[in-house]
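This briefing is for a reader who is new to the structure shown below.

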Amino acid sequence: MTSNKPKILVTRRLPASIEARMATLFETDVNDADLALRGADILSGLEGKDVLVSTITDHIDADLIARLPQSVRLIAQFGNGVDNIDLDAAWAAGLTVTNTPSVLTDDTADMATALMLALPRRLVEGTQMLLRDRAWAGWSPTSMLGHRLRGKALGIVGMGRIGTAVASRARAFGLTIHYYSRNRRPPAVETPLEARYWDDLDAMLAEVDIVSLHTPLTRDTHNILSADRLDAMRHGAYVVNVSRPELLDEAALIERLENGHLAGAALDVFENRHGINPRLLALAAANKVVLTAHMASATLEARVEMGEAVIVNIRAFMDGHQPPHRLLPDSPLPRSARG
């Protein structure tokens, strides 16, 4: 007997509670190997499916979209960012695309704040020292001196939900808040944070001690922290990135950390297509860089909430309603019909 349940392909393993709910509500195929699928594997798994549940490791470009089975009508992204999906091509092909916004805000802001503390207070270095030197001599007035956060200037690039949450946390630590964003935030946001808006990113970079990146990746924001802009930053400043690796010129960042222009960087995201840059690893070993393994949203609570949002989007769509987290391209093209 043929089931009337929607048929979905899930490209990565999800929390057990979410997979169990999906198995109850849908005919679900899950990539049990939990390794990033290539285009051909995605296509073969989608035969007869209604929905592709994708993640940021899936490269869903125009070529793959053109070859999707006609049965597929929805791409339900498990994640907030969708720069891995060609939204224009999806729209033109008559596909609906959804994501899972908002649920990652607090966890990502917490991680950004933790990395801001880790850099000037040398938290990772202190742990490594104890592990390396088990006969630690104990406290000394001049040992492991770092720098306090209070009184420092934080420059936030992208003052959306996450950027604003980071600003709120940073304000509690006594940092002054500066931000550059496509649109200025209203007084209701700026005033409690005593936040200063800059319409010139280069000018802001020259005035802050820490730069934290929280803008989506677009054609305009690719390498928004370019070599020239890294040069414009204060000598001894820090860079924090929990957003997308493509927002900064990684090679230029490495050079400016090696030559001492910048004091350090904390990166939860970094170029890893061909392995982590050995120079970046060397800087981490020298305690100039703190690296974390794309952990900004890695809480069980966040992953479960993301899965619940995916389920809601799928059920709304399959019931003939507009999904609550539907995405549209910037300039919608004419659409084709999907069955």
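Ser336 is in contact with Ala92, Ala93 and Gly94, its neighbours within four places in sequence being left aside; contact means heavy atoms within 4.5 Å. The model is predicted: local features need pLDDT of at least 70, side-chain atom pairs count only at pLDDT 80 or more, and totals for chains, interfaces and linings use all residues. Residues are numbered from 1 along each chain as its sequence is written, and side-chain values use heavy atoms, with hydrogens and water left out.

**Ser336**
- Ser336 lies in the segment after strand 13 (326-327); strands (E, at least two residues) and helices (H or I, at least four) are DSSP runs, numbered from the N terminus.
- Ser336 is partly exposed, because its relative accessible area is 37%; buried means under 20%, exposed over 50% and partly exposed in between, with a 1.4 Å probe and protein chains only.
- From C-alpha to C-alpha, Ser336 and Gly146 are 59 Å apart in space, and they are 190 residues apart in sequence.

**Nonpolar cores**
- The largest nonpolar core has 30 residues, and Val239 and Leu253 have the most contacts inside it; such a core is a set of buried Ala, Val, Leu, Ile, Met, Phe, Trp, Tyr and Cys residues joined through side-chain atoms within 4.5 Å.
- At least two residues of this core come from each of strand 6 (153-157), helix 9 (201-205), strand 9 (210-213), strand 10 (237-241), helix 11 (250-258), strand 11 (262-267) and helix 12 (278-285).
- Helix 11 gives the largest share of this core, 4 residues.
- A second, separate core has 29 residues, among them Leu115, Leu149, Val166 and Ala296.
- In soluble globular proteins, nonpolar side chains tend to be buried together.
- Leaving aside neighbours within four places in sequence, Val239 has contacts that include Leu119, Val211, Leu248 and Leu253.

- Leu248 is found in the loop between strand 10 and helix 11, and it is buried, because its relative accessible area is 6%.
- Not counting residues up to four places away in sequence, Leu248 touches Leu213, Asn223, Leu225, Val239, Asn241, Leu253 and Leu267.
- Leu248 and Leu123 are 125 residues apart in sequence, with 24 Å between them in space, C-alpha to C-alpha.
- Thr100 lies in the loop between strand 5 (96-98) and helix 5, and it counts as buried at 0% relative accessibility.
- Among the contacts of Thr100, with neighbours within four places in sequence left aside, are Gln77, Phe78, Met306 and Val310.

**Helix 5**
- Helix 5 (residues 105-121) has 17 residues and reaches 24 Å from its first C-alpha to its last, close to the 24 Å expected at 1.5 Å a residue; the expected span is 1.5 Å times one less than the number of residues.
- Of its 17 residues, 12 are buried, so helix 5 is mostly covered.
- The buried residues of helix 5 include Thr105, Asp107, Leu115, Leu119 and Pro120.

**Residues with positive phi**
- Most residues other than glycine have a negative phi.
- Arg122, which follows helix 5, has a positive phi near 60°.
- Met144, in the loop between helix 6 (123-132) and strand 6, has a positive phi near 55° and is partly exposed at 25% relative accessibility.
- Glu194, in the loop between helix 8 (187-193) and strand 8, has a positive phi of about 50° and is exposed, with a relative accessible area of 57%.

**Side-chain pairs**
- The structure holds 1 aromatic pair; rings of Phe, Tyr and Trp (its six-membered ring) pair if their centres lie within 6.5 Å, and planes under 30 degrees apart count as stacked, over 60 as edge-to-face and the rest as tilted.
- The ring centres of Tyr179 and Tyr197 are 5.2 Å apart and the planes are at 50°, so the pair is tilted.
- Tyr179 is in strand 7 (residues 176-180) and Tyr197 in strand 8 (residues 196-198), 18 residues apart.
- Tyr179 is buried at a relative accessible area of 0%, whereas Tyr197 is partly exposed at 21%.
- Arg196 lies over the face of Trp198, at 3.8 Å from the ring centre; this requires NZ of Lys or CZ of Arg within 6 Å of the ring centre and within 35 degrees of the ring normal.
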